[in-house]
Amino acid sequence: MLFTLAFWKGAGERAIKTFAQSLLGGFTVTAPIVEQPWLIALGVAATATLLSLLTSIGTADFVAGRTPSE
């Protein structure tokens with residue numbers, strides 16, 4: 001499952017959503033947008049994105065639409 005286009009499309013979509021959610025979450029919790037520590041917020045979002053991809057790889061069969069028992 002790890003080497004299929006469907007897997008990487010799904011993993012990429014989840015990673016992009018994770019990046020956006022993490023970046024937005026950091027902005028809404030801290031300071032007004034003009035006072036944001038952009039590098040820190042981008043670093044946190046990038047770390048969350050990497051963790052999302054690693055989670056997808058670690059559970060490749062499950063995230064490709066199948067449960068591990070199938």
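Biologist: Where do Glu 13 and Lys 17 lie, and how many residues apart are they?

Modeller: Both are in helix H1 of this predicted model, four residues apart, about one turn of the helix. Helices (H or I, at least four residues) and strands (E, at least two) are DSSP runs numbered from the N terminus. An α-helix has 3.6 residues a turn, so residues three or four places apart point the same way.

Biologist: What makes the contact of the side chains of Glu 13 and Lys 17 a salt bridge?

Modeller: The term requires a side-chain nitrogen of Lys or Arg within 4 Å of a carboxyl oxygen of Asp or Glu. For Glu 13 and Lys 17 the N to O distance is 2.9 Å, so the pair meets the definition. The count by this rule is one salt bridge.

Biologist: Why is Glu 13 called partly exposed?

Modeller: Buried means under 20% relative accessible area, exposed over 50%, and partly exposed in between (1.4 Å probe, protein chains only). Glu 13 has 43%, so it is partly exposed. Lys 17, at 46%, is therefore partly exposed as well.

Biologist: Why does Ser 52 count as buried?

Modeller: Its relative accessibility is 12%, so Ser 52 falls under the buried cut-off. Ser 52 is in helix H2. Leaving aside neighbours within four places in sequence, Ser 52 is in contact (heavy atoms within 4.5 Å) with Arg 14, Ala 15 and Thr 18.

Biologist: How do you know that the buried residues of H2 are on the same side?

Modeller: The buried residues are Ala 41, Ala 45, Ala 48, Thr 49, Ser 52 and Ser 56. They cover an arc of only 105° around the axis, taken from the directions from the helix axis to the C-beta atoms, so they are on the same side of H2. On the other side, Leu 39, Ile 40, Leu 51 and Gly 58 are exposed.

Key. Residues numbered from 1 in each chain as written. Predicted model: local features only at pLDDT ≥ 70, side-chain atom pairs only at ≥ 80, totals over all residues. Heavy atoms only, no water.
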